[in-house]
2 protein chains.
Amino acid sequence: MGTRSASDIRSESRFAVLRQLLSSGTATRQDLAVATTLSTATVANVVAELLDAGLVHVVGKGASVGRPSSKLAISDEPLRLVGVDIAETYATAAIYSLSLEHLAEHSEPLDDTDNQPRTVIAGVVAAVHGALARAGVHPDAVAGIGISVPGQVMPSTGVSVFAPNWDWHQVNLRDQLEPELGLSVGVHLDNPLKAVTVAALWLDNGPSTDTMVVVNLGTGVGAGIAINGRLVRGTCNNAGEWGHTTLVQDGRPCRCGRRGCVEAYVGVPGMQATLAELAPDHPAVALHQDAFIAAVAAGLEADDPTMMALLDRTCASLAYGLGDVVNLLNPDRILLCGWMFSALQTWIMPRLTELVPAQALEASLDVVSIQPLEVGRNPVTAGMAIFALEDVLARHGLPSRLV
Amino acid sequence: MGTRSASDIRSESRFAVLRQLLSSGTATRQDLAVATTLSTATVANVVAELLDAGLVHVVGKGASVGRPSSKLAISDEPLRLVGVDIAETYATAAIYSLSLEHLAEHSEPLDDTDNQPRTVIAGVVAAVHGALARAGVHPDAVAGIGISVPGQVMPSTGVSVFAPNWDWHQVNLRDQLEPELGLSVGVHLDNPLKAVTVAALWLDNGPSTDTMVVVNLGTGVGAGIAINGRLVRGTCNNAGEWGHTTLVQDGRPCRCGRRGCVEAYVGVPGMQATLAELAPDHPAVALHQDAFIAAVAAGLEADDPTMMALLDRTCASLAYGLGDVVNLLNPDRILLCGWMFSALQTWIMPRLTELVPAQALEASLDVVSIQPLEVGRNPVTAGMAIFALEDVLARHGLPSRLV
């Protein structure tokens, strides 16, 4: 029935207080009540729980007189969170404080032609320990770790149900990863679309929203959805596979096994296929993914007409895909992220401003803002660190959100 | 922040109790607690409120001994609800009891070439009073009325923001309708996609679901979405315009002004265009919408190869559109309804079983059931009667759901 309990509400109040503390750095109880629109009694209860658990501490006195005006902040105890982004061509681990400050990161390249789980696991382990070393953090100080894996993942079991890029089916990644990592805490496994959405919910400075869609553009493409401030997972954590909605009937083969998917045109290999159609002899056609996108950026910088045509075709496809999202979900915000988008954002944004209106119903277009997601260096590692923070809160009996 | 209050929870508990009473007819408090998984204390509170308001009454004693075992039912007081479905070619009004029993209905044809609001309003008034007369209900016994209008509607203002079929922009339908109807209660205006979704949430006998999509197939086509048992309205009540997601880039013109929309292939005028492509001289090409669909049904009944080809092409388009919904939202249920679907359901369902799997990601396909919506004669009028019931509950200070 979707019926909500009183503990759900306490959990949502905790989320509101923590999100506000993360965003403002320090705040009094009164500040928190004003910013969250929660009652002062609710804020006082939530703060008392968080103080007891050592997750929040008092950092000074506020200016007001005659009421509890202590300034509060997220605890600066030496506990650390790890967020890992496993993509097709790299594994990046980033170390965060409990207040989600980015402390250090380390990337390991992955060979996208080697689909053995043990190869990917070795890359993850090297990335995590490399990042811990850079941050000067002992593995015992890790209070939580979240790892993002492309494709369908079940967080409850730690199983990668299906990862099309590696042709993985039912790989129990958590059981294989935990002994190799040698940390004292369990791994939270999830999907990058869920991670970027949670990062936007916790860290984005924009106004709170009715319906938010976070679009991730990299080798693969997809969307995370949040409605009324809550992550939409779908029935088996597979919601958001916008990259596998159809753009062209009987179009290009997609690595999901179907044809004509959005990803086959807008993902980086799709862009490479488009360039091969436009200019089969262009030297960038043969480049590997990162180098290819660097070449596209360089070409656009130099007004190379072939690269401009590639941009136009890619953005036209993207506008169709985004128009479908606008029309089906009527969101108030679409936030764009992903490594391909980050590299080409300067050129993509103006094209979308031009092209999306033709693909969207007027009323729905009028209420949607389409912007880059700005939550620090890597929203996937940030989102996975937030899942790790959720694990820490849950261990204290203080879940902040039913994510 | 989407933060939920204690009154939201009371409202959801009321929904759960009312839904269960509607579905079981009579029940004891104990039965209601078991069926809803609410605590007996919560059920007792909700029942006490509903008894006080006269919306529920005691109809007898239950079998159990030594506990409050009265049998309860929705009140049979003579108050009535009216649900109206304004479509392109007809306005149907149906009269319901407070327990959502369908008592009578009456339809008025609408001339889909006459887009004057006063023409549509006259049709609605005639349909409502015709239905009241058939049911033998005095207008003063109407406790609530809900009217569904195609296109974008704002329930809060009663304005039809945009109705593409009539080229209406910002028509304040409620203000024009209320004096003509001569009822003592205000009109709740909404969109048919919202109505069918609410009908499915309240009346469908299937299991409660994570993500449900109700697909409405008639002259226009669209989808209603419910997540965790709650209607998804989108930012400006425009969520669910699946009919205006793109099926074919630069395809057929659509009445929304764009090209290649799902509706341009799957809506009834779209099917007529397909038949004109397949067999320009076929006599059914020139028929009006209802007669056209009757001719399609007759042709399929007689194994007419042209009509079989029309069915195949329509279902292929529908399968692409449904595949996109499966991949983007990962629902556990898709429920099909609408007058075109009702007429051709026997032929459409087996084709979809064949065609949808090729358009959906395997994991998401595995968890979705695609079935006809079965909530009585007309899910649009039923859904609008539910909105009217919500108005009645709200007037008693007992909202059952934040719809």
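In the predicted model, strands S12(B) and S13(B) form a hairpin, with 3 residues between them. The two strands run antiparallel and are joined by 7 bridges. S12 spans residues 211–217 of chain B. Within this pairing, B:Val215 stands opposite B:Ala223 of S13(B).

S13(B) also forms a hairpin with S14(B), here with 2 residues between the strands. In that turn, B:Asn228 has a positive phi of about 50 degrees. S14 comprises residues 230–232 of chain B; 3 bridges join S13(B) to this antiparallel partner. B:Ala226 stands opposite B:Leu231 in S14(B).

S13 (residues 221–227) of chain B is mostly covered, with 7 of its 7 residues buried. Burial extends to both faces. One side carries B:Val221, B:Ala223, B:Ile225 and B:Ile227; the other carries B:Gly222, B:Gly224 and B:Ala226.

Chain A is divided into domain 1 (6–74), domain 2 (80–195 + 379–395) and domain 3 (206–372). The C-alpha centres of domains 1 and 2 of chain A are separated by 30 Å.

Helix H4 of chain A covers residues 117–135. Its 19 residues reach 27 Å from first C-alpha to last, close to the expected 27 Å. Buried residues of H4(A) include A:Val120, A:Val124, A:Ala127, A:Ala131 and A:Leu132. Viewed down the axis of H4(A), the buried residues fall within an arc of 160 degrees, so they line one face of the helix. Their cover includes strands S4, S5, S6 and S7 and helix H5 of chain A. The face turned away from the buried side of H4(A) carries the exposed residues A:Arg118 and A:Ala133. Just after H4(A), A:Gly136 takes a positive phi of about 65 degrees.

Methods:
Residues are numbered from 1 along each chain as its sequence is written. Chains are lettered from A and ligands numbered from 1 in the order in which they are written. This is a predicted model: local features need pLDDT of at least 70, side-chain atom pairs count only at pLDDT 80 or more; totals for chains, interfaces and linings use all residues. Helices (H or I, at least four residues) and strands (E, at least two) are DSSP runs, numbered from the N terminus. The expected span of a helix is 1.5 Å times one less than its number of residues. A residue is buried if 20 or more other C-beta atoms lie within 10 Å of its own, exposed if 12 or fewer, and partly exposed in between; C-beta atoms are placed from the backbone. The arc is that of the directions from the helix axis to the C-beta atoms. Two residues are in contact if their C-beta atoms, placed from the backbone, lie within 7 Å. Domain bounds come from an automatic or database domain assignment. Two strands pair if DSSP finds at least two bridges between them.
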